[in-house]
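Subject: Structure handover

Hello,

Here is the structure I promised to pass on. Please open it next to this email and follow along.

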Amino acid sequence: MGKAPALLVHDLQDGAPKGLELKNGTCKTTATVGDKTYVIGGADDGTLSIEVQIFDRSLGEWVRPTVRGTKPASCEGLSAVPLEDRILILKKGSKSDDQIWFLEVDTQYVRQQQKYLGSEVVAWSKGVLGNAEKPVVISGPSGVGKGTLISMLMKEFPSMFGFSVSHTTRAPRGMEKDGVHYHFTEKSIMEKEIKEGKFLEFASVHGNLYGTSIEAVEQVADAGKRCILDIDVQGARSVRASSLEAIFIFICPPSMEELEKRLRDRGTETEEQVLKRLRNAKAEIEQGESSNIFDFILYNDKLEECYENLKKLLRLNGFVTAPPKSGHREVDLPMDHSVSKIENKIIINCISSGEKESKNLIMLDVSSLKGGAPGRTRGLNFQTIGSFSNGLNVNQLS
């Protein structure tokens, strides 16, 4: 239970309006979803850190929830718009790429965390305009040639694809650099983040943890690239069970005899290692062909032919070079603005001051949101309506 400012307690118990910018001297705003009113904003000590408290009307009590996700940086003010399972937060006085956030209150991720903790949970997620290309999950047994296929893809389309950097709890080796070869972390930290749902997949190898975080995949998308995940079948199964929307491709050898030949021709493993890889390969192929994990199965009999088929699946045929990346889009909100909501459209009334005051409207479409905590919320689109003094002029931006 938490103690809230007396003014807010009085307002909320008397049925404070669902105003989109209700705030007091401590720079707070409120939004009501169901029986709960969420008080979001500056801490009671006068700082501008963003905190969350909940007033549960059905119980008449205050609750201080566990907060997941990356908390937004401090700002000069907030506007809040309640949606079905989350609250849209517009930050005032922030950079254009840091103005749109979501506080999730009843999403699948939040419900999972509430079940795990047995207490109230909310989660922050940064809003991003537009959509990212679906990541590509590529799996297959050792020696099947998936590494070669991925290298060919990266060589032909260097600006289109990128790898996520995995996490590990083992120590760096040789010239390995943190954030380049791996994100090196402590075991206790990684175990905590796994429990918080921040990893798509993970495994324990020789006492060390390895895994792919949601944030690592998001960073590839933030750079305007399509993420490739080269993981085993078990990892692919975990990713398939997550909220990540991806394309799953399994690379299969033409036969076990051919796979054995390739493994022996490499000359990098002992006889015992070759036999172990073949046993593992048989199990992986059975899972790859019979499970519902993979969307496509490619047989790598002839490398060039398999590569062309891979490009067809990814709709890359006909591109001599990588297609141009879409420009990074941002909404630049002035400090002075008000907000209203009409169905799935958020109307932002922007007032710019100068020699002649002018007003513009920004219409934010939240009907096609994708993703969410602990990653980004994508799928936002917007329109601007030109200055009122010049007449109504609508410009489609995304």
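pLDDT is the predictor's confidence in each residue, from 0 to 100. You need that term because this is a predicted model. The mean pLDDT of the protein is 84. Of its residues, 83% reach 70 or more.

Residues 1-10 have a pLDDT below 50. That stretch still has 19 contacts in the model beyond near neighbours in sequence. Residues 388-398 are also below 50. Here the model shows 21 contacts beyond near neighbours in sequence. Where pLDDT is low, the predicted coordinates should not be read in detail.

**Overall make-up**

The protein has 398 residues, and 46% of them are buried. It contains nine helices and 24 strands. Take the contacts with a separation of 6 or more: residues 24 or more positions apart account for 56% of them.

**The E1 to E4 sheet**

Begin with an open sheet of four strands, in the order E1-E2-E3-E4. Its pairing is antiparallel. Which strands stand at the edges? They are E1 (28-33) and E4. Each has a single partner strand, so one side of each is left without a neighbour in the sheet. On average, neighbouring strands here are turned by 25° against each other, direction ignored.

Now walk across the sheet, pair by pair.

- E1 and E2 run antiparallel and are joined by six bridges. Val-33 stands opposite Lys-36 in E2.
- E2 (residues 36-42) and E3 are antiparallel too, with seven bridges. Lys-36 stands opposite Asp-56 in E3.
- E3 and E4 (residues 61-63) are joined by three bridges and run antiparallel. Asp-56 stands opposite Glu-61 in E4.

Strands of a sheet pair through backbone hydrogen bonds, either parallel or antiparallel.

E3 and E4 form a hairpin with four residues between the strands. In this hairpin, Gly-60 takes a positive phi near 70°.

Is E3 enclosed or open to the outside? Strand E3 covers residues 50-56, and six of its seven residues are buried, so E3 is largely enclosed by the rest of the structure.

**The E12 to E15 sheet**

Next comes another open sheet of four strands, ordered E13-E12-E15-E14. Its pairing is mixed. E13 (183-184) and E14 (199-205) stand at the edges. Each of these has a single partner strand, so one side of each lacks a neighbour in the sheet.

E14 pairs with E15 (residues 208-213) in the antiparallel sense, over six bridges. Look for Ser-204, which stands opposite Leu-209 in E15. Helix H5 (residues 214-222) packs on this sheet and touches E14 and E15. The direction of H5 makes about 40° with that of E15.

Stop at Ser-213, which lies in strand E15. Is Ser-213 buried or exposed? Its relative accessibility is 5%, under the 20% cut-off, so Ser-213 counts as buried. Leave aside its neighbours within four places in sequence. Ser-213 is then in contact with His-167, Lys-198, Phe-199 and Leu-200.

**The largest nonpolar core**

How many residues make up the largest nonpolar core? It has 20. Leu-153, Phe-161, Ile-249 and Leu-314 touch the most other members.

Helix H3 gives the largest share, four residues.

Find Leu-314 in the viewer. Which residues is Leu-314 in contact with, leaving aside neighbours within four places in sequence? The contacts are Val-136, Leu-153, Phe-161, Arg-226 and Ile-249.

**Cysteines**

A disulfide is a covalent bond between the sulfur atoms of two cysteines. How many disulfides does a search of the whole structure find? It finds zero. Cys-227 has a relative accessibility of 3%, so Cys-227 counts as buried. Cys-350 is buried as well, with a relative accessible area of 6%.

**To try on your own**

Start at Val-33 and find Lys-36 opposite in E2. Go on from Lys-36 to Asp-56 in E3. End with Glu-61, opposite Asp-56, in E4.

Best wishes

Terms used. Residues are numbered from 1 along each chain as its sequence is written. This is a predicted model: local features need pLDDT of at least 70, side-chain atom pairs count only at pLDDT 80 or more; totals for chains, interfaces and linings use all residues. Side-chain values use heavy atoms; hydrogens and water are left out. A disulfide is a pair of cysteine sulfur atoms within 2.5 Å. Buried means under 20% relative accessible area, exposed over 50%, partly exposed in between (1.4 Å probe, protein chains only). Two strands pair if DSSP finds at least two bridges between them. Helices (H or I, at least four residues) and strands (E, at least two) are DSSP runs, numbered from the N terminus. Contact means heavy atoms within 4.5 Å. Axes are lines fitted to C-alpha atoms, for helices over the stretch in contact, and angles run from 0 to 180 degrees between N-to-C directions. A nonpolar core is a set of buried Ala, Val, Leu, Ile, Met, Phe, Trp, Tyr and Cys residues joined through side-chain atoms within 4.5 Å.
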